[in-house]
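Okay, thanks for coming, everyone.

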Amino acid sequence: MDLYEYEARELFKNHGIAVPDAAVVTSPREARAAAGSLGGRVVVKAQVKTGGRGRAGGVKLAATPAAAELTARQILGMDIKGHVVRKVMLAQPVRIEAEFYVSYVLDRAAGAFLAIASAEGGMEVEEIAASRPESVARVPVDPRCGVDEAKAAEIARAARLPPETVPALVRLWHVLVEEDAVLVEVNPLVRTSTGEILALDGKVTLDANARFRHARWEGPDVTDPGVDPLEAAANAKGLTYVKLDGEVGVIGNGAGLVMSTLDVIAACGARPANFLDIGGGASARVMADGLGVILSDPAVKSVLVNVFGGITSCGAVADGIVQALESVQLTKPLVVRLDGNDAARGRAILAGRAHPLVQQATSMDGAARRAARLARQGV
Ligand code: GDP
Ligand code: MN
């Protein structure tokens with residue numbers, strides 16, 4: 001779960017990392033007023049969940065509130081790498097004396113965290129790493145020890161950051177741990193002409209698995225163009241839905257079965273359009289909700305329902321499909337493979353409903369082949 005810069009800044013501020021004063025607005029008129037209360041001169045910054053905003057023209061200095069209004073008008077609505085700007089942040093400009101790059105990221109392969117830092121901040125870290133690889137320090141952080149002052153000093157030394165950055169490095173670690181983030185990045189962390197250390201940009205990715213520990217985290221914002229609306233709708237119903245870029249819609253129960261279904265579809269020469277995991281013990285209601293979600297994706301040309309009944313009763317799944325056919329207008333072919341617990345009853349229920357667009361298959365391979373063929377025919 002990625003945060004916007006203005007959200008990341010709040011977390012930084014709460015953990016004692018200094019940031020320039022700022023305000024977030026959604027209209028040019030508000031931008032003018034906010035610039036006025038920030039002292040007139042402001043940096044106008046597009047709020048989108050992608051980097052490289054500066055280069056794309058999404059970060060601009062405005063000398064007066066009137067200029068801020070004009071600049072906000074230019075930036076709002078701008079498309080930056082496929083992200084439409086709906087909010088801009090106005091920040092008090094600072095005099096940069098030096099720009100640094102600092103981040104902590106979860107290194108899953110190593111089972112540890114990695115501090116990445118460079119005294120050549122500003123541009124994107126991939127570019128720094130490509131043009132001046134020797135300037136990028138990578139220091140493993142043992143999660144059991146974390147980053148105390150000594151560790152932060154080690155990171156600063158390795159990256160040739162000035163010692164004044166040490167407190168910010170320690171605090172940034174606290175952001176990572178206490179906010180349950182898997183990535184925190186400040187680029188640039190700057191030293192101003194008055195010697196202050198400030199975070200001028202922020203990127204934070206929270207670990208969605210820790211949501212239960214953070215009452216303040218909101219659910220996915222459906223008005224946010226970065227969130228697939230179907231994904232949000234499915235999440236709201238407690239279902240795991242993921243949008244992919246193929247043409248076969250996939251519903252299965254359990255992560256393992258769903259993953260292998262995706263593989264089998266690929267092996268049949270088709271590509272999954274999305275998948276929905278209805279989980280163990282799926283009820284008729286869940287099945288009906290799930291089918292509704294999958295069918296509302298316009299990219300879907302055929303749907304494969306692959307259910308192996310363990311705790312889940314195939315009878316309940318079949319009831320769910322029949323129930324869904326009452327409420328959703330089926331316009332695409334549906335291939336259903338039911339096996340395991342209560343499979344005979346499930347198959348009989350579907351056969352009894354005899355919907356012209358619903359076909360049954362007995363094997364997973366056969367079902368995937370048929371769904372792939374139907375998707376190709378674009379029925
Ligand atoms: P990004 O391009 O998406 O990473 O956006 P940033 O927030 O990092 O802004 C891009 C660049 O604009 C930064 O690297 C800074 O060099 C510059 N910048 C941002 N805010 C200020 C500011 O207050 N004063 C000055 N002088 N430069 C700024
Ligand atoms: Mn940046």
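Let's start with Arg-160, which counts as exposed because its relative accessibility is 71%, and the cut-off for that word is over 50%. Keep in mind that what you're looking at is a predicted model. You'll find Arg-160 in the loop between helix H5, residues 149–159, and helix H6, residues 166–178. The backbone does something to look at there: phi of Arg-160 is positive, about 55°, although the residue is not a glycine.

Asp-342 has a positive phi too, near 65°, and again we're talking about a residue other than glycine. Asp-342 sits in the loop between strand E17 (334–340) and helix H11 (343–353). So is Asp-342 buried, exposed or partly exposed? With 27% relative accessibility, Asp-342 goes down as partly exposed.

Okay, zooming out for a second. How is the chain divided? There's domain 1, covering 21–91, then domain 2, covering 96–213, and domain 3, covering 229–377. If you take the C-alpha centres of domain 1 and domain 3, they're 44 Å apart.

Now to the ligands. Ligand 1 has 17 residues around it, and the ones that come nearest are Lys-45, Arg-53, Gly-54, Glu-99 and Asp-201. Sorted by type, the shell around ligand 1 has seven nonpolar residues, six polar and four charged. Domain 1 and domain 2 each give at least three residues to that shell.

Let me go through some of the contacts. Arg-53 has a polar side-chain atom 2.7 Å from an oxygen atom of ligand 1. The side chain of Asp-201 has an N or O atom 3.0 Å from an oxygen of ligand 1. And for Asn-187 the backbone is involved, with an N or O atom 3.2 Å from a ligand 1 oxygen. How much of ligand 1 does the protein cover? On its own, ligand 1 has 560 Å² of accessible area, and the protein covers 77% of that. The elements giving two or more residues to the shell are strand E2 (42–46), strand E7 (96–107) and strand E10.

Ligand 2 is a manganese ion, coordinated by Asn-187 through O and by Asp-201 through OD, at 2.2 Å. Asn-187 belongs to strand E10, residues 181–192, while Asp-201 is in the loop between strand E11 (197–199) and strand E12 (203–206), so the pair ties together parts that are 14 residues apart in sequence.

Stay on Asn-187 for a moment. Asn-187 counts as buried because its relative accessibility is 9%, and buried here means under 20%. The peptide bond joining Asn-187 to Pro-188 is cis, with omega about 10°. Pro-188 is in strand E10 as well.

Last stop, Ser-118. Look for Ser-118 in strand E8, which runs over residues 112–118. Ser-118 is at 0% relative accessibility, so that one counts as buried.

Terms used:
Residues are numbered from 1 along each chain as its sequence is written. Chains are lettered from A and ligands numbered from 1 in the order in which they are written. This is a predicted model: local features need pLDDT of at least 70, side-chain atom pairs count only at pLDDT 80 or more; totals for chains, interfaces and linings use all residues. Side-chain values use heavy atoms; hydrogens and water are left out. Donors are N, O and S atoms within 2.8 Å of the metal (3.2 Å for Na, K and Ca); water is not among the atoms, so sites may look incomplete. Helices (H or I, at least four residues) and strands (E, at least two) are DSSP runs, numbered from the N terminus. Buried means under 20% relative accessible area, exposed over 50%, partly exposed in between (1.4 Å probe, protein chains only). A residue is near a molecule or strand if one of its heavy atoms lies within 4 Å of it. A polar contact is a pair of N or O atoms within 3.5 Å; within protein, one must be able to donate a hydrogen and the other to accept it, and residues adjacent in sequence count only if both atoms are side-chain atoms. Accessible areas come from the Shrake-Rupley method with a 1.4 Å probe; for residues, only the protein chains shown count as cover. Ala, Val, Leu, Ile, Met, Phe, Trp, Tyr, Cys and Pro count as nonpolar, Asp, Glu, Lys and Arg as charged, and the others, Gly among them, as polar. Domain bounds come from an automatic or database domain assignment.
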